[in-house]
Amino acid sequence: MTALSRRSFLAAAAGTAALAAAGGLAGCSSGDGKVHLELFQFKSEAINLFDRICTDFNDANPDIVVTQNFQANNITSLRARLVKGDMPDLITINGDYNYGALTRTSIFYDFGRTALLDGVNPAFASILNTLGQGGEGQTNGLAFADNGSGIIYNKDVFAEAGLEPPTTWNELIGICDELTGRGINPFYWATKDNWTGAPAFSSLSGSFLTDGVAAWYAKRADLSSGTSFAELTPVFEKMLQAYGYGNSDKAGLGYNDGNQGFAQGKGAMYWHGTYAIPAIRSYNSDINLGTFATPADTAADTRVVSGVDVALTMGKDPAHPEESLRFFEYLMNEANMKSYCDEQVAYPTLTALSTTDPALEGLQPYFDSGRVATYSDHNFPPAITLNSYLQQYFFSGDLDQLITTLDSRWDKVIRRINETA
């Protein structure tokens, strides 16, 4: 997907404001005297839940009608609408590179001037800020639900082998050797789909980059800094080391194959984020799952990599700010957030809530203590096909080629972005 320049989006935002003034946006007062708002929503598995939330809100607020508009390809659809000056009233969006790129064009509302951030865990709120801000000191999205990226493990397999989750990298490798000696696949890999190497890369670099993931990529974006992806050599080496422990058919298995195989007990550990847990359970509802943070060389450096799975935002100058904020306040209350996170196996972002899913409990202490890092891959512009490069590295083991490719491609794309900004 070709990224639009900041100039294009600012023009779109100006068009949005003009339409709002003219009453041309989706959120408007119709003949029934009510304010009608569109909820632009991207999670297919949560359609029914959001429909229920909208219905309950509408019943409690007779002056407002919120209607869900599900969009699977939400970023593509949103960009197209922004070009036309048609900003949705209420938006759910994944907190990734695309969110940051859009936010930096100053088209989203600053929630820092509201009370909606008061109960949100600062570690979660800061993730969105590291991706992008519309202005200094702004927070342009509300973290509604988070995921955690570490290592999923089969508790029963560990228990039968007399093993406990590792706290350092050397302990993890020792577990791999122990399991191999018992004829058990330490990891169950499925890397036919190229993105499946990214979880290992992100969770390892989240702990390795002790000064902050976003800070390192900001330095790398300064093409005069002399920074190279060679600095991440220890991360790449650990990825390949772990890839050597596991099933021999890994290159021929896709993500769904991996979920099914792990659910069938074909491996002790599965290197994916918590988003994979519902899929694993769909193949084996009785599997006894746990999670642990991808260990650093020392336990003190270990961080959980987390992303805002669902963020809430709206236009900088919404047509109906009071009604829109009222809906977001309702959506962010404890009952609705808990319902969503319980159903979707996600981490609630309010400090008053904690996960109740036993598979997620292993990562919860890191969230509670703020030992959280953002995803490395969320800092890559889409034009850099990181997943393909990581997959090729898994297959070839050629570290020099990986670093050379990442450096050259990064420099080319960043230079082009700077020229069009």
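Student: In this predicted model, which residues is Phe236 in contact with, leaving aside its neighbours within four places in sequence?

Tutor: Contact means heavy atoms within 4.5 Å. By that criterion, Phe236 is in contact with Phe201, Phe229, Leu390, Tyr393, Leu399, Leu402, Ile403 and Leu406.

Student: How many residues does the largest nonpolar core have?

Tutor: A nonpolar core is a set of buried residues joined through side-chain atoms. Here the largest one has 51 residues, and Phe236 is among those with the most contacts inside it, together with Phe187, Phe201, Tyr217 and Met269. Elements giving two or more residues to this core include α8 (198–208), α10 (233–243) and α16 (386–396). Its largest share, seven residues, comes from α17. A second, separate core of 42 residues includes Leu78, Leu102, Phe108 and Val372.

Student: How are helix α2 and helix α14 oriented where their axes come within 11 Å?

Tutor: Angles over 145 degrees count as roughly antiparallel. The axes of α2 (residues 47–60) and α14 (residues 334–344) cross at roughly 170°, so α2 is roughly antiparallel to α14. On α2, the contact is made by Leu49, Phe50, Arg52 and Ile53; on α14, by Asn336, Ser339, Tyr340 and Glu343. These residues divide into four nonpolar, two polar and two charged.

Student: Is Gly273 buried or exposed?

Tutor: Buried means under 20% relative accessible area. Gly273 has a value of 0%, so Gly273 is buried. Gly273 is found in the loop between β7 (269–270) and α12 (277–283). Not counting residues up to four places away in sequence, Gly273 touches Gly148, Ser149 and Ile152.

Note on methods: Residues numbered from 1 in each chain as written. Predicted model: local features only at pLDDT ≥ 70, side-chain atom pairs only at ≥ 80, totals over all residues. Heavy atoms only, no water. Axes fitted to C-alpha atoms, helices over the stretch in contact; angles between N-to-C directions. Helix = DSSP H or I, 4+ residues; strand = E, 2+ residues; numbered from the N terminus. Parallel < 35°, antiparallel > 145°, perpendicular 65-115°, else oblique. Nonpolar A, V, L, I, M, F, W, Y, C, P; charged D, E, K, R; others polar. Core = buried A, V, L, I, M, F, W, Y, C linked by side-chain atoms within 4.5 Å. Buried < 20%, exposed > 50% of the residue type's maximum accessible area, 1.4 Å probe, protein only.
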